[in-house]
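User: I would like to learn how to read the packing and strand pairing of a model with care. Could you take me through one, giving the general idea before each case?

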Amino acid sequence: TYRTIKKVVKNKDSIVIYDYFIKVINDKCYISYVEDLENEKCTKEFDSKKVDYKFLKKYGQLYKHTFKKQGKAYYFESSEIVK
């Protein structure tokens, strides 16, 4: 699994993390951790020695992860694909 943070947005009662994600199995790229949806463009260009932020931005799937504040701590609320 490769991922990198794009940005973090902190509000009064939440933190939202945007990150690029690629799952790789046997040199094939997938856009989801739980599903087998191949990212064919990524697979064609994949070389584990060349995976960097630029590669993840171009071929990775952008996700939004939301954490809500409860007291002084935060808890995970949701993850979703950003289209």
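User: Which residues have the most contacts inside the largest nonpolar core?

Analyst: A nonpolar core is a set of buried Ala, Val, Leu, Ile, Met, Phe, Trp, Tyr and Cys residues joined through side-chain atoms within 4.5 Å, where buried means under 20% relative accessible area, exposed over 50%, and partly exposed in between (1.4 Å probe, protein chains only). Here the largest such core has 13 residues, and those with the most contacts inside it are Ile22, Cys29, Cys42, Phe46 and Phe55. The elements that give two or more residues to this core are β2 (14-25) and α2 (53-59), and the largest share, five residues, comes from β2. Helices (H or I, at least four residues) and strands (E, at least two) are DSSP runs, numbered from the N terminus. This is a predicted model, in which local features need pLDDT of at least 70 and side-chain atom pairs count only at pLDDT 80 or more, whereas totals for chains, interfaces and linings use all residues. Residues are numbered from 1 along each chain as its sequence is written, and side-chain values use heavy atoms, with hydrogens and water left out.

User: With which residues is Cys42 in contact, leaving aside its neighbours within four places in sequence?

Analyst: Contact means heavy atoms within 4.5 Å, and with those neighbours set aside, Cys42 is in contact with Ile22, Cys29, Phe55 and Tyr59.

User: How many bridges join β2 to β1, and in which sense do the two run?

Analyst: Two strands pair if DSSP finds at least two bridges between them. Strand β1 (residues 2-10) and β2 run antiparallel and are joined by eight bridges, with Thr4 having Tyr20 in β2 as its bridge partner, and the two strands form a hairpin with three residues between them. β2 also pairs with β4 in the antiparallel sense over eight bridges, where Val16 stands opposite Thr66. As for burial, 10 of the 12 residues of β2 are buried.

User: How should I read the aromatic pair of Phe21 and Tyr63?

Analyst: Rings of Phe, Tyr and Trp (its six-membered ring) pair if their centres lie within 6.5 Å; planes under 30 degrees apart count as stacked, over 60 as edge-to-face and the rest as tilted. By this rule the count comes to six aromatic pairs. Phe21 and Tyr63 form an edge-to-face pair, 5.6 Å centre to centre with 80° between the planes, and this pair links strand β2 to strand β4 across 42 residues of the chain. Phe21 counts as buried because its relative accessibility is 2%, and Tyr63 is buried at 11%. Together with Tyr33, Phe21 and Tyr63 form one aromatic cluster.

User: Where does the charged end of Lys23 sit?

Analyst: A charge sits over a ring if NZ of Lys or CZ of Arg is within 6 Å of the ring centre and within 35 degrees of the ring normal. The charged end of Lys23 sits over the ring of Tyr30, 5.4 Å from its centre, and Tyr30 in β3 is also the bridge partner of Lys23.
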